[in-house]
Amino acid sequence: VLPYFQHEQGLIGSHPLVTLDCPSLRLHYQVKTLLDTKWLAMTTSLSFRPHSAPAPTSILVSQGAEAIVYIILSLSSINSFPGSSGNHLQQNTPCILKRRFRKSYRHPALDAKIIRSRTKGEVKAMEKCRKHGIVVPNIYHVDLKNGMDGCSIYMEQIHGTTVREFLQNYKDVNAEAKSPVASRSTTPVNSQTLSLAQYLGQTIFSLHLAGVIHGDLTTSNVMLRNPVVTSEKWTPELVLIDFGLASISSSEEDAAVDLFVLERAFVSTHPGSEQLVEEMYLGYQNGVEDAKATLKAGVVLKRLEAVRARGRKRECFG
């Protein structure tokens, strides 16, 4: 709202702490005086700190509650790290930098421990996925820094689009010819999108079979490497991303909750996608031709019914 004030302007007088109320956003900003520079630094009550880009060759992609994501246009900084696996890559190879930042409302020692632990957990989950043949971004370098200044993960940049963007921007020519208005307001259901949903179910089952719970399964956290449909026999190439809330667990309950989160994401983001959700569950149940694995999938889907019932009860009674 107001990035800074000059102390000489006399806007705050002699008060070291001022609370500004923004009526449109209903946010309260704490303004602290920096005596050495005579400027004011502003932070919100949510303890958000603005973060500068790590290098001139970086582009800000997004910022969440836990981390900020950049595209690094050059790997020269990674190649200078001792023991980095990025040394064999070309200097101009772009990558993704995911940096977890500090939270000022937490005790510094506790904050450092949490950041370090979550970063290590994310890397562990991604490495386990790769070990079991699940496609995730390659990790080039992990910078833990003891968690005091945040932790960073340098990883492969996935080219393509998210499943969410693909479904929202997909144009079904046949459906538009029949009903132009309906085709724009609902998610297209045809052989290509049904195939995408089935492959998505198979990928998630492989993830759970490997003992990894994603924790934040949405169509925004699944990348599609080949979003251009070239033929009727198009095979989607899916890549799972954002393992910031991932955990290692073989519990059917945790897997069912993972599926329920994705189901709610489909319902809320993609209107009329019920058939795609059903196809996804078919892919989940028939993803692996193994009797023991199929049995596990059946147990998870049965547990999903109980999780779904709890969700409906919460919606009804709060």
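**Close-up views of a predicted model**

View 1. Strands are DSSP runs of E with at least two residues, helices are runs of H or I with at least four, and both are numbered from the N terminus; two strands pair if DSSP finds at least two bridges between them. Residues are numbered from 1 along each chain as its sequence is written, and side-chain values use heavy atoms, leaving out hydrogens and water.

**View 2. Strands E5 and E6 side by side.** Six bridges join strand E5 (residues 67-72) to strand E6 (residues 95-100) in the antiparallel sense. Look for Ile72, whose bridge partner in E6 is Cys95.

**View 3. A cluster of aromatic rings.** Ring pairs link Phe166, Tyr170 and Trp234 into a cluster. Rings of Phe, Tyr and Trp (its six-membered ring) pair if their centres lie within 6.5 Å; planes under 30 degrees apart count as stacked, over 60 as edge-to-face and the rest as tilted. Phe166 and Tyr170 form a tilted pair, 5.3 Å centre to centre with 50° between the planes. Phe166 and Trp234 are stacked, at 5.6 Å and 25°. Phe166 lies in helix H3 (residues 163-169) and Trp234 in the loop between strands E11 (222-224) and E12 (238-240), so their pair ties together parts 68 residues apart in sequence.

How values were computed:
Predicted model: local features only at pLDDT ≥ 70, side-chain atom pairs only at ≥ 80, totals over all residues.
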